[in-house]
Amino acid sequence: MNALWLIFQVLVFPGFLFLAVCALVLQWLDRKLYARFQNRVGPPFIQPLADLIKLFSKETIVPKNAEQGLFRNLPYFSFAAVVTSFLSIPIYTANAVVSYPGDLVIIAYLLTIPTLVMALAGWSSCTAYSIIGGIRTLSQLFAYEVPFFLALLTPALLLGTWNIAEISQRLPAFLMANPFYFIPVILAFLVGVISLQGKLERKPFDIPDAETEIVAGPFTEYSGRLFGIFRLSLDMEFVVGASLLASVFLGGATSFFGIPAILSYLIKTLFIVFVLAYIKSAVARIRIDQMIRFGWRVLAPLSLLGMLLVVIFNKGGLL
Amino acid sequence: MLPQAVLSKIINWSRYTSPWIIHFNAGGCNGCDIETLAALTPRFDVERFGILLKGTPRHADVLVVTGPSNQQIKDRLRRIYDQMPHPKFVVAVGSCAISGGVFRGCYNTQGGMDEVLPVTAYVPGCPPRPDAIIQGIYVLLEKLKKGG
């Protein structure tokens, strides 16, 4: 019975199926919000599902030049990494399905795998555009990854734990008791949202798959089913990234149980999605050198400042 | 799992709900291309019909092609068409793409797009309005809906 329950949790709720539905709904919401910000109607609700079914039913072309094995298998790696990372986020109880001390670090690393897979996909396609896309993916990784990790580190350092469920339960109460720490946490939250935008390769950081410059970046040669899996896994990464920020900074499911917990989780995740869509519609793409400069000169020092405040005042015992 | 008839109905539905297009200029005067790009702007909002502009032929379902297709671009156009995964469709936009237009009879052009590619829908005009281009793609989708 216990094993069955675990399988249900992993495959249906809150595991794979729930994540897939969330990915499709949030993709629609993102596109719809983007459309409404541009004063147009936007796609119908069922659009992401239609896109996915169409991609799965299309012919899948594997180019002759491409590295056959890598090219065929890479999408599944990114898919598996994202689905695994979702299990550590608390959704309907205060605790996640798989919760252990240090799962914050594991999730942060699991969410890096889709990026690495994208770079490898670009390389294994062996076309000029996809290789440029792969290189850009990797160079961009160095600009946003450090600020993103540092931003996640701030609340973890503040509470002295690496467990997502524990952070999401304790952070709101801790902040209410010590309002001074709103400053570092809000700093870290801002940095986290902006670098998540870079992680998900959305505007203004959609440099790796810039349509107007390098066709479709790493995905230039992908078609049909393989591209469908890539697309689904990127949508899922969008969900996992948004819910990770919601759990770490906004309290996620906090200490509720059942329906209130799911509602609280969903509302906070939707808030993050709204902010991400707002950023996407407000800005245009920047160049890769501007992106790196922005990452290291603005984002990293800001997140370090937040951490410094925590270290001086909390660990130094001043407050 | 699902019976074949239901499955093919679902697949057909997904095809006419989410046509991704790629736009290619086969030696036209750029007039039709400006109108095609205008059709993709927020004012006309083709995303309502699920239409998205894609940069690579590997992701696209519909090739929106303008111009008379001259000798030099003929092979490139053919190659782009071959790079698209099945099922794929072609919409010829503008007078040149239909019959050669003002370039008809020129030493370096074909008589129209259908001498190079199998065209499904034609959009007349020199250049056609963005509304007409959207309607052309809509006609193609209607055909898909019926044809299965």
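Helices (H or I, at least four residues) and strands (E, at least two) are taken here as DSSP runs, numbered from the N terminus. With that convention, A:Cys126 sits in the loop between helix 6 (113–125) and helix 7 of chain A.

Before I continue, a word on the model. It is a predicted model, in which local features need pLDDT of at least 70 and side-chain atom pairs count only at pLDDT 80 or more, while totals for chains, interfaces and linings use all residues. Residues are numbered from 1 along each chain as its sequence is written, and chains are lettered from A and ligands numbered from 1 in the order in which they are written.

Let me return to the backbone of chain A. Most residues other than glycine have a negative phi, and most peptide bonds are trans. A:Cys126, not a glycine, has a positive phi near 60°.

Next, helix 13 of chain A, residues 288–315. At A:Gly295 this helix bends by about 35°, the bend being the angle between axes fitted to the seven residues ending there and the seven starting there. A:Gly295 is also among the buried residues of helix 13 of chain A, which include A:Met291, A:Leu299 and A:Ser303. Helix 7 (128–159) and helix 9 (182–199) of chain A are among the elements covering them.

I turn to the nonpolar cores, meaning sets of buried Ala, Val, Leu, Ile, Met, Phe, Trp, Tyr and Cys residues joined through C-beta atoms within 7 Å. The largest has 86 residues, and A:Ile164 is one of those that touch the most other members. Which helix gives the most to this core? Helix 11 (residues 224–249) of chain A does, with 15 residues. Another core, of 38 residues, lies apart from it and includes B:Phe24 and B:Phe103.

Now chain B. All five residues of strand 4 of chain B, 89–93, are buried, so this strand is largely enclosed by the rest of the structure. B:Phe89, B:Val91 and B:Val93 point one way, B:Val90 and B:Ala92 the other. Strand 4 of chain B pairs in the parallel sense with strand 3 (residues 62–66) of chain B over five bridges; pairing requires at least two DSSP bridges. B:Val91 is the bridge partner of B:Val64. On its other pairing, strand 4 of chain B runs parallel to strand 5 (residues 121–123) of chain B, joined by three bridges, and B:Val93 stands opposite B:Val123.

Two cis peptide bonds deserve mention. One joins B:His86 and B:Pro87, with omega about -10°, and B:Pro87 lies in the loop between helix 3 and strand 4 of chain B. The other runs from B:Cys126 to B:Pro127, with omega near -10°; B:Pro127 is in the loop between strand 5 and helix 5 (130–147) of chain B.

Finally, the interface: 17 residues of chain B are in contact with 26 residues of chain A, contact meaning C-beta atoms, placed from the backbone, within 7 Å.

Conventions: Two residues are in contact if their C-beta atoms, placed from the backbone, lie within 7 Å. A residue is buried if 20 or more other C-beta atoms lie within 10 Å of its own, exposed if 12 or fewer, and partly exposed in between; C-beta atoms are placed from the backbone.
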